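Good morning, and thank you for joining this meeting.

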Amino acid sequence: MSTAYVINPPIVPSLPVVGDTRRFAVNRIYCVGRNYADHAREMGHDPDREPPFFFMKPANSIVADGKDMAYPSLSNDVHHEIEMVVAIGKGGANISADKALEHVYGYGVGLDMTRRDLQGEAKKMGRPWDTGKAFDQSAPCAAITPATQCGHPNKGTVKLLVNGEVRQEGDLNQLIWNIPDTIAYLSTLFTLEPGDLIMSGTPAGVGPVKKGDVLEGSVEGLTPLKVKII
């Protein structure tokens, strides 16, 4: 017997999968803060390897590759942050680092778009970052490439071009917390579930965007991402 709801359930957010007609259903989006030393420095923080910290975005904040992203309200300082996205295929809690990659379905390219002015206000007041990080359309993402096709990247160029000019460039081997360690630590805080995404951190060079800008993000070996700010 089917369950009846007083309102229609929302459409499940999803991403295309390279080489497959089926889609990757997105459950939750976790983001790792300041996971590149050079980015930590540019934000005024010590890059020493302290325990990672996380914040979240709603699954319906995803913007698909090739789609437009609306410049968000109540902000005059929206920044780009290019990242490799880790797509979880098998859930679990207290996952050991040596088993962590067994839980990964694949990888993609994403942008952690940030209302930097609202985030800055929240920091000063000791408040959560939600208004700065978890707004509508704050998570543009490209297609997911299964690990069976791309392996488990631990090095390779991470780059963002804005209107054809390089704004951010780094390498996955510069991550303070690599992907297995990140998954292991995150799984002590939350039980990971299939469909979860982890945005793994951004290299230095974050900066503002304006309406009309075209952002092109890439991670070596993965399907690139392109989005226009409108």
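Let me begin with a definition: a residue is called buried when its relative accessible area is under 20%, exposed when over 50%, and partly exposed in between, using a 1.4 Å probe and protein chains only. This is a predicted model, in which local features need pLDDT of at least 70 and side-chain atom pairs count only at pLDDT 80 or more, while totals for chains, interfaces and linings use all residues. Residues are numbered from 1 along each chain as its sequence is written, and side-chain values use heavy atoms, with hydrogens and water left out.

I turn to the cysteines. A disulfide is counted when two cysteine sulfur atoms lie within 2.5 Å, and by this rule there are 0 disulfides. For Cys141, the nearest cysteine sulfur is that of Cys31, 8.9 Å away. Cys141 is buried, at 2% relative accessibility. Cys150 is in no disulfide either, since the nearest cysteine sulfur, that of Cys141, is 15 Å away. Cys150 is partly exposed, with a relative accessible area of 23%.

Next, the interior. A nonpolar core here is a set of buried Ala, Val, Leu, Ile, Met, Phe, Trp, Tyr and Cys residues joined through side-chain atoms within 4.5 Å. Which members of the largest core touch the most other members? They are Met84, Val86, Leu111, Met113, Ile183 and Leu215, out of 39 residues. Helices (H or I, at least four residues) and strands (E, at least two) are DSSP runs, numbered from the N terminus. Among the elements that each supply at least two residues of this core are strand S8 (82–88), strand S9 (104–111), helix H5 (179–189) and strand S17 (214–219). A second, separate core has 16 residues, including Ile29, Ala139, Cys141 and Met199.

Contact means heavy atoms within 4.5 Å. Leaving aside neighbours within four places in sequence, Leu215 is in contact with several residues, including His80, Leu111, Met113, Leu160 and Val227.

At the N-terminal end, Asn178 caps H5, with a side-chain oxygen 2.9 Å from the backbone nitrogen of Asp181.

We come to the sheets. Two strands pair if DSSP finds at least two bridges between them. S6 and S18 are parallel, over 2 bridges, and Met69 stands opposite Ile229 in S18. By contrast, S13 and S14 (residues 165–171) run antiparallel, joined by 6 bridges. Thr157 has Asp171 in S14 as its bridge partner. In the hairpin of these strands, 2 residues lie between them, and Asn163 takes a positive phi near 55 degrees.

Another open sheet has 3 strands, in the order S10-S7-S16, with antiparallel pairing. Here His79 has Thr114 in S10 as its bridge partner.

Finally, where is Asp48 placed? Asp48 lies in the loop between helix H1 (37–42) and S4, and at 51% relative accessibility it counts as exposed. Its C-alpha atom is separated by 7.7 Å from that of Ala37, 11 residues apart along the chain.

Methods
Polar contact = N/O pair within 3.5 Å; in protein donor to acceptor, adjacent residues only side chain to side chain.
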